[in-house]
Every structure is written in structure tokens, then in C-alpha cells.
Amino acid sequence: MRFRDLFTFSSKTKFVAWWLLTAFRLNVEVRLTLRDGRTMFLRNRDDYGVAYELFVNQVYSDVPLIEAPVIVDLGGHVGFATLYLARLFPHAQIIVMEPDLGRAMQIRKHVRANGLISRVDVLEAAAAVQNGQAKLSASGSSSRIGDQGAEVALLDLLEMLAARPAEVIKMDIEGSEYAILGDRRFEAVCPRVLILEWHKTPEHPDGYDWCCLKLQELGYRVVSESGKCPWAGNIIAEKGAPAAPRDIGHGAREFGLAGDSL
């Protein structure tokens, strides 16, 4: 599947025109309609890359379809994962955490355009193990808590989950996953399904191995993996699920999409 094949005929034309504009570094937001009726906004090629990973490479296609009244989306970016999860779990309430103001505004735009206001709460905060403030630096489609950048709120995720448990958590928080998974309180609130993007960091150069070992300690079994490279990758794990018989990849090469991204 090519990315443009996701859209209706009129939106396919709009997407191709938008793509040509971005080739000249003209970042103009475009509103597109997917063939299933959902609405997607693209501002730049960083947004495109995230959408491509989700909707074409389908990195979340192996998420177990359990009964999930509450889902938490950590690192909401501009809302593409929220749209994907809302379709997978049509009866779930979704809490999205995104500390970057501009991206949180895009999430809300996607929520309104797709009629999800009653189902989605957007929190402008970074998931952490204690409440507070921190600096957030953004680059491309990623953002990271550190010593530089805009000041953002930190929200104690584990305290929130103790009050409102979630059956599914998607965690893509650029290295902050280690503090949360390593906190002793996580075992008491961990979800049945965890969608985790691990990251290699200076503190955790063994990111993949560390996460796999921690998941095993917490009673998870890996359902599938995708996008694994030296610095990051996705793991879908379920508590008590049988281990996957093989490594499952959803990269562009596995889908035969390399070189034909449009």
C-alpha cells in the first residue's frame, strides 16, 4: 500500500499537491479524509513520517483486542496513535498525555474533527514518576525531557493509574520509559497490554535488552516487535500471553514499500 492510497480520491489529489509543496520546504497544513471516513491533518514531513509508520507500516496491527474501558496514550505527538487506538477499541475512553503545546493543540484538532470529544481527554503534561516541572526539547517528530527547552508540567503517571487503571497503555516517551517501568509502583498498576517504544539512551545503551528483561519480570510476554534498529524499536506485550514464535517486523522493507513512500 502507498500512503496516498489511504485517502479518498479528492484527498489523494490534495496530498500529492501538498507533498510537492513540502519538497520546497513549504510547510502548509492540509486536511485529508481517509477512505474509512476519518480526518487527518498533516503539517510537515515529520507528521507524515509518524502517520506512515502507523497507517502504512501498521506497527500497532498486532495489538491484542481485549476489553479495554480505559486506554492511556503516553507521548501523543499530534494524535495519530489516538485515532488508531480509538478505531481498534471503539468503546474505550482514552487519556492522551503530550507536554508540547503545539502538538497538544493538533491532538485536540484531530479529536474534534473525528467526533471523539466525548471519548478523549488530552493532558498537557509529560508522564513521569513525580509531579513537577521540567524542560522539553523538541526536534523533528521527537521531544525529550532534559536540561534545555520549554518548561512543561510533569504528571505522576503511577499516581494517576492508581486512581484510574488502564487496560492498554501506549508508551512512546523518548527515554522516560525507564523511570516508569523501573518504579516499584508500576507492578501494581501495569496494564494488560503494553505498547512500548524503547530508546537507546546514554543511561541505557542496552535499551532493548533492559526493556525485555523488565517486561519478563513484570509477567509480560512479547506478542510482536517492529521497527527495531540500533537506537529504538517497538514492542507489543501482553500479560500472560504466549511468546511470539518469531520476530515480527513491520518496517518498510518487510512491506515492500521502500522507495515508494507516496
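Biologist: Before we start, what does "buried" mean here?

Modeller: A residue counts as buried when its relative accessible area is under 20%, and please keep in mind that this is a predicted model.

Biologist: Okay, so are Phe3 and Tyr52 buried or exposed?

Modeller: Phe3 is buried, and Tyr52 is buried as well.

Biologist: How do the rings of Phe3 and Tyr52 pair up?

Modeller: They form a stacked aromatic pair, with 6.1 Å from centre to centre and 20° between the planes. The pair links distant parts of the chain, since Phe3 sits in the segment before helix 1 while Tyr52 belongs to helix 2, 49 residues apart.

Biologist: Which aromatic cluster are they in?

Modeller: Phe3 and Tyr52 share one aromatic cluster with Phe7, Phe15, Trp18, Trp19 and Tyr48.

Biologist: Switching to helix 1, which of its residues are buried?

Modeller: In helix 1, the buried residues are Ser11, Phe15, Trp18, Trp19 and Thr22. Viewed down the helix axis, they fall within an arc of 105°, so they line one face of the helix.

Biologist: And what do those buried residues pack against?

Modeller: They pack against strand 1 (30-33), strand 2 (39-42) and helix 2 (45-55), whereas the face turned away from the buried side of helix 1 carries the exposed residues Phe9 and Leu20.

Biologist: New topic: where does Lys109 lie?

Modeller: Lys109 lies over the face of Phe41, at 5.2 Å from the ring centre, and Lys239 lies over the face of Tyr220, at 5.1 Å from the ring centre.

Notes
Residues are numbered from 1 along each chain as its sequence is written. This is a predicted model: local features need pLDDT of at least 70, side-chain atom pairs count only at pLDDT 80 or more; totals for chains, interfaces and linings use all residues. Side-chain values use heavy atoms; hydrogens and water are left out. Buried means under 20% relative accessible area, exposed over 50%, partly exposed in between (1.4 Å probe, protein chains only). Helices (H or I, at least four residues) and strands (E, at least two) are DSSP runs, numbered from the N terminus. The arc is that of the directions from the helix axis to the C-beta atoms. Contact means heavy atoms within 4.5 Å. Rings of Phe, Tyr and Trp (its six-membered ring) pair if their centres lie within 6.5 Å; planes under 30 degrees apart count as stacked, over 60 as edge-to-face and the rest as tilted. A charge sits over a ring if NZ of Lys or CZ of Arg is within 6 Å of the ring centre and within 35 degrees of the ring normal.
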